[in-house]
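Student: I would like to go through the strand pairing and the backbone angles in this model. Could we begin with the pairing?

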Amino acid sequence: MALGGCSSPSQPELKVDGAFMPQPVGNMAGGFLTVTNSGDTADKLTSVTSPLSDDVQIHETKDQKMRQVSSFDIPANGELKLERGGSHIMFMAIKKQPKQGDKVEVELHFEKSDPIKVDLPVEAATHNPAAH
């Protein structure tokens, strides 16, 4: 009898795109991106780290209220969208003000997959790719 999960070569296959950070106004900043999983196994985004802040949180927005969560599900053959007005990355007490044209380095940590490093290009404070 095979042990379920042990012999399966299927792993999450994660790719990140559409990443950006609106230029922050104040001491907090938001980050947005899409994680696409082309694998047959689901995964979870469990945390985000960045040199910009010692306190990077992941937030969901429900009923127009933001709240910190411990993880986001990334479904098998699906995607996790972090976008304006929805779930997002929140940089608390940022150490410096990135300006439009800068890049902010982040590392995404997952339950199953290896961490992924992403550069968030800093866009205009009003940037909203969904509006294009």
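**Strand pairing and turns**

Tutor: Ile58 has Ile89 in β8 as its bridge partner. The model is predicted, so local features need pLDDT of at least 70 and side-chain atom pairs count only at pLDDT 80 or more, while totals for chains, interfaces and linings use all residues. Residues are numbered from 1 along each chain as its sequence is written, and side-chain values use heavy atoms, with hydrogens and water left out.

Student: In which sense do β4 and β8 pair, and over how many bridges?

Tutor: Strand β4 (residues 55–62) pairs with strand β8 (residues 88–92) in the antiparallel sense, over 5 bridges. Strands are DSSP runs (E, at least two residues), numbered from the N terminus, and two of them pair if DSSP finds at least two bridges between them.

Student: What is the bridge partner of Glu60 in β5?

Tutor: That partner is Arg67. Strand β5 (residues 65–69) and β4 are antiparallel, with 5 bridges. The two strands form a hairpin with 2 residues between them, and Asp63 in the turn has a positive phi of about 50°.

Student: Moving to Gln64, what is its phi?

Tutor: Gln64, a residue other than glycine, has a positive phi near 60°. Gln64 lies in the loop between β4 and β5.

Student: Is Gln64 buried or exposed?

Tutor: Gln64 is exposed, at 81% relative accessible area. Buried means under 20%, exposed over 50% and partly exposed in between, with a 1.4 Å probe and protein chains only.

Student: And where is Asn77?

Tutor: Asn77 is in the loop between β6 (72–74) and β7 (78–82). Its phi is positive, near 50°, and Asn77 counts as exposed at 51% relative accessibility.

How values were computed
Helices (H or I, at least four residues) and strands (E, at least two) are DSSP runs, numbered from the N terminus.
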